[in-house]
Amino acid sequence: MFLCDRNDPAFDAIALLLPPAQYPSIFDPVQLDAPELLAVGDWNDDGHLDLVTVASEMNLTQDLVYLPGDGTGRFGSLRSIDNEPYQFLDIAPADLNGDGKTDLVVSQSTVYSVYLGSGGGVVVLSDYPAGMPFADVGSIAIGDVDGDGQLDVSGVDRKFGQLSIARGTGTGALEPPMLCALDGQPTDWGDVAVGRFAGGKGGVALASVTNHVTVFLRK
């Protein structure tokens, strides 16, 4: 969730440049079959931001697709990234191997699927464990949690009630996850965020339906 201050001069300037009444004329509607999840990144390496989403195919399977942006706020026709019948629970873009191209991490319950972008929408797919067998890791976030300069993947297992942190290696590969038991019921836990919360040290914040947020800080 992103909170903005309506009294912020920068926000007001943007509002004046793009009045709400003009929004419908800027974006062309794109027809998708039951789209779920959404991420932004330059997936085809053309310098324009694209939209990555998950859409159903005949309501039977889920397809990971992207809509190429043209830099004007409009998007082209759907292009497939992966059309296997996976259960995509969350998606997050990042440059995991430091090559300047957008990669994707997809949570699929028991695995983190890493799609390494190579430009033009071409990908290399690898799966890495996200938790215990039969886990249900949904929400994920990407950031350097352990302070080694590499991006890590953090997720929440809502079946066993665990925080899952898979350390990045800088090559796009992920190490086996570190698992941390969470208090309360497994289904209490929702979204996850990563940031430097204390003295530049990485940490993971978890939201709970029991009216609190828990932050894990690196020692």
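Modeller: A polar contact here is a pair of N or O atoms within 3.5 Å, where within protein one must be able to donate a hydrogen and the other to accept it. Keep in mind that this is a predicted model.

Start with D144, which sits in the loop between β9 (137-143) and β10 (152-157). A polar atom of the D144 side chain lies 2.9 Å from the backbone nitrogen of G147. The D144 side chain also reaches the backbone nitrogen of G149, at 2.9 Å. D144 counts as buried because its relative accessibility is 12%, and the cut-off for buried is under 20%. Not counting residues up to four places away in sequence, D144 touches G149, Q150, L151, D152, V194, R196 and G202.

D146 forms a salt bridge with R167, with the closest N and O atoms 2.5 Å apart. R167 lies in the loop between β11 and β12 (178-181), and the pair links parts of the chain 21 residues apart. R167 also forms a salt bridge with D148, and here the closest N and O atoms are 3.8 Å apart. D148 is in the loop between β9 and β10, so this pair ties together parts that are 19 residues apart in sequence.

On one side in the pairing, β10 runs antiparallel to β9 over 5 bridges, with I142 opposite V153. β10 also pairs in the antiparallel sense with β11 (residues 162-166), over 5 bridges, and V156 stands opposite L163 there. The hairpin of β10 and β11 has 4 residues between the strands, and G161 takes a positive phi near 70 degrees in this hairpin.

Leaving aside neighbours within four places in sequence, V153 is in contact with V105, Y112, I140, A141, I142, S164, I165, A166 and L174. The largest nonpolar core has 15 residues, and V153 is one of those that touch the most other members, a group that also includes V105, Y112, V114, V137, I140 and L174. β5 (90-94), β7 (111-117) and β9 each supply at least two residues of this core, and β7 gives the most, with 3 residues. A second, separate core of 12 residues includes I81, I91, L104 and Y115.

Elsewhere in the chain, K101 and D45 meet through their side chains in a salt bridge, 2.7 Å from N to O. K101 lies in the loop between β5 and β6 (103-108) and D45 in the loop between β1 (36-41) and β2 (50-57), so the pair ties together parts that are 56 residues apart in sequence. K101 is partly exposed at 24% relative accessibility, and D45 is partly exposed at 38%.

How values were computed. Residues are numbered from 1 along each chain as its sequence is written. This is a predicted model: local features need pLDDT of at least 70, side-chain atom pairs count only at pLDDT 80 or more; totals for chains, interfaces and linings use all residues. Side-chain values use heavy atoms; hydrogens and water are left out. Buried means under 20% relative accessible area, exposed over 50%, partly exposed in between (1.4 Å probe, protein chains only). Contact means heavy atoms within 4.5 Å. A nonpolar core is a set of buried Ala, Val, Leu, Ile, Met, Phe, Trp, Tyr and Cys residues joined through side-chain atoms within 4.5 Å. Two strands pair if DSSP finds at least two bridges between them. A salt bridge is a side-chain nitrogen of Lys or Arg within 4 Å of a carboxyl oxygen of Asp or Glu.
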